Amino acid sequence: MKQYLSGDEAFAAGIRLARPEVVSAYPITPQTIVVERLSDMVEDGSLDAEFIHVESEHSALSCAIGASAAGVRTFTATSSQGLLYMAEGLVYASGGRFPIVMMNANRSTALPWNIYGDQRDSLALLDTGWIQAYAENAQEALDLALLSYYIAEHKDVSTPFMVNLDGFILTHTYEEVDVPEQADADKFLPHYETENCFDFEHPKNMAFSAGPDTNYIFKYKEHAALLRAIPVITEAEQKFAEIFGRQYTGLIDTYKTEDADYILITLGTIAGLSREIADKLRAEGKKVGVLRIRYLRPFPTEEISAAVKNAKAVAVLEKDISFGNAGTVFTNVTSALQAAGLNIPAYNFIGGLGGRNISHADITDIFEKTEHGTERVNFIGIEVQK
Amino acid sequence: MSVTAKTLDTNEYFYGHKACAGCGGSLAVRAALKVLGEKSVAVLPAGCMSAVGFNFPQLCFSNNAIISMFAGTASMLTGVEAGLRRRGITDFQAVGFAGDGGTADIGIQALSGAIDRGDNILYICYDNEAYMNTGIQKSGLTPFGAKTTTTPAGANIHGNIRPKKNLFEIVAAHDIPYAATATVGYLPDFLNKVEKAKSIKGTKFIHVIAPCPTGWGIPVSDTVEAAREIVDCGLWYLAEYENGAFTLNRDPKEFTSVEDYLKRQARFKHLTDDDIRVIIESRDKKWEKIRSNWKTKE
Amino acid sequence: MKPFVREKKTFGFDDVPEDTCYEAGYLVTINAGWRSIRPVINAEKCVGCSQCYLYCPDGVIAIKDGKAVVDYDFCKGCGICEKTCKIGAIVMEDEQK
């Protein structure tokens, strides 16, 4: 059924279809609408879940871990400082292999305080062992609500999943969204069954310590499971396409990259404008393309290098900076290029921090600078004097 | 029916752990689980009891048990309770065992949240009066005058300068269905409080004194004696909060010597007569309030 | 029922579980080596009152046929049992003896 929904509302609609049994969340702008809608759904009976009014984000995730350890599907959502407040729980959930799904509304981190969208919150926590996906539009957000549980709970994966939505630009923007029928959602997403939970017939001791003799084995297995998510993402998307008629493209999606000399690599909502500009430049005879990273973990090392191997230069545009180095997406991309032995110039463009607009002109300028060469790291809107 | 040593479940649910010899915390956990039995799910935050009981592959709980984040005992209990209930399981007790720091300091927010929500959980604080697992640092429940590694006793400062946080009454102020204080020195009292808590729906809280021989500076054989003496000398009290009212379970006609209690413990050895006078005065003030405001049993 | 020592004591790659969830009450080591003194029960004096059993932090004392018996594999020799025994039926003795 077609509905006119914001990104937050679309995600909440997707979560209802996924039938989580425990939802624990704490409000933070711009995530609030998700928890408000889920509360409405619990109130009107359309979502049969325990909604836990926790007193902090730390407790939101702690509660979700407890519920997951009890063996049920759980959901939480947060943003920015809230995600950072959860940081301890992120490594706990992934280390314990609890397939919790969390929506994160990508938002700037203090200081200075700012409620608008950038990606420093989730990228600062990229190494916490969660699958990280970045949605481009409300439809993809809704679909990821279903896909995320399928992938996270898959026996080969059993790893928590963070779905990221650009704050305001996606969370608060209304679009027409196709909301699947519950019967189809149930066909896609089976009831959650796990042995990673308490059992009164065969009691379990959980979330224990492991010394140096076995700790590294647990950590290796956690890493291996995250990599095993790659084929599971493909499997999930195929099944999803069969049932819902929408086919996603795995860890990345590419636009006119096959013959492109210059490829802009980015993530989230800005990919749409980037494609628009690419089309405009193509009309002027420039061979440019856009690569959108959909999953930052597991990282599309091979997919990216395969897509850009014939390019003359690549740009990475992200709403993030790892202070003292470059953008986190950029350093991940350049490591993929290095792994494939590709000696392609790569330039980092930092934009959109604290919600600053990235304009048509900015993206046109990125393509131009990429063609002619520029600094390794460039802050959009700040010209550094040499 | 009251619980006694003779009627207690003979199964052991916390066994083979690596707690120090004479550990009061492990006695509290062991004893409570013998009341709660195999249908309990224990949640223990990072701290002594999780450190000594969950070292894979040495796993010392025979019931379902899990380590929570340090600040997350109560919030994880909430999730565990909600999750198991969703699975259609009803005859279980989610029980938390957190230390004094894990409860009165870092975990108090989550505990307050759980009580506020009225979650059907039992939270037991085993109080050894300092962060013992990390090597005896001051917590919010460290008593006045105690020497810890972060409240050293020197010529200028005589150990901890602040009194013990009034945790029992802070918890009671939430209008919690049931709260109690206890000590591992008088186990039948503690066990019957656990039994009573088990039968009450909603959030329950028990604050049990559990001496740490290492941190208190007493012989390992003296844990139970010290845990009795703290009540007998009036520095701790056995009480309950139920239906909006406080009840004092034990009203000693005469206190034993506070000085004897303190001087037996290395953490108080440095205290001057003036320090001890302050402690006695504060004890007497507390008891004056208790006796004039709380009901007394018998 | 209580946690007990298992045969499998070392865990290689394949033995380590995927998640941090494992069989409850799985022991691979005993605590006997911690002890310098051990409680010895005088069975003639013992009346089986259960106080030593009740107050043992390690739960290593059981009452069998009306008498206290100690699981020396897990007794740490703290001596709380001796102190709680009002009739003096428990004496702590040197381990070397």
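Good morning. Over all chains, the count of aromatic pairs comes to 33, where rings of Phe, Tyr and Trp (its six-membered ring) pair if their centres lie within 6.5 Å, and planes under 30 degrees apart count as stacked, over 60 as edge-to-face and the rest as tilted. One of these is formed by Tyr116(A) and Phe168(A), whose ring centres are 5.5 Å apart with the planes at 50°, so the pair is tilted. This pair links distant parts of the chain, 52 residues apart: Tyr116(A) is in the loop between β5 (101-106) and α6 (120-124) of chain A, and Phe168(A) is in the loop between β7 (161-166) and β8 (174-178) of chain A. The helices (H or I, at least four residues) and strands (E, at least two) are DSSP runs, numbered from the N terminus.

A word on the basis of these values. This is a predicted model, in which local features need pLDDT of at least 70 and side-chain atom pairs count only at pLDDT 80 or more, while totals for chains, interfaces and linings use all residues. Residues are numbered from 1 along each chain as its sequence is written, chains are lettered from A and ligands numbered from 1 in the order in which they are written, and side-chain values use heavy atoms, with hydrogens and water left out.

In chain B, Phe70(B) and Tyr131(B) form an edge-to-face pair, at 6.4 Å centre to centre and 80° between the planes. Phe70(B) is partly exposed as well, with a relative accessible area of 26%.

Ring pairs also join residues of three chains into a cluster: Phe208(A), Phe218(A), Phe56(B), Phe11(C), Tyr22(C) and Tyr26(C).

I turn to strand β4 (residues 74-79) of chain A. Six of its six residues are buried, so the strand is largely enclosed by the rest of the structure. Thr74(A), Thr76(A) and Thr78(A) point one way from β4(A), and Phe75(A), Ala77(A) and Ser79(A) point the other way. Which strands pair with β4(A)? Strand β2 (residues 22-25) of chain A runs parallel to β4(A) and is joined to it by two bridges, pairing being called if DSSP finds at least two bridges between two strands. Here Val23(A) stands opposite Phe75(A). β5(A) pairs with β4(A) in the parallel sense over five bridges, and Met102(A) in β5(A) stands opposite Thr76(A).

Finally, chain C. In chain C, 38 residues are in contact with 44 residues of chain B, contact meaning heavy atoms within 4.5 Å. About 3200 Å² is buried between chain C and chain B, with carbon and sulfur atoms giving 59%; buried area is the accessible area (1.4 Å probe) that two parts lose on being put together, summed over both. On the chain C side, Met1(C), Tyr53(C) and Tyr55(C) lose the most area to chain B, together 22% of what that side buries. Arg228(B) lies over the face of Tyr55(C), at 4.8 Å from the ring centre; the criterion is NZ of Lys or CZ of Arg within 6 Å of the ring centre and within 35 degrees of the ring normal.

Lys221(A) lies over the face of Phe13(C), at 4.6 Å from the ring centre. Thank you.

Definitions and conventions. Buried < 20%, exposed > 50% of the residue type's maximum accessible area, 1.4 Å probe, protein only.
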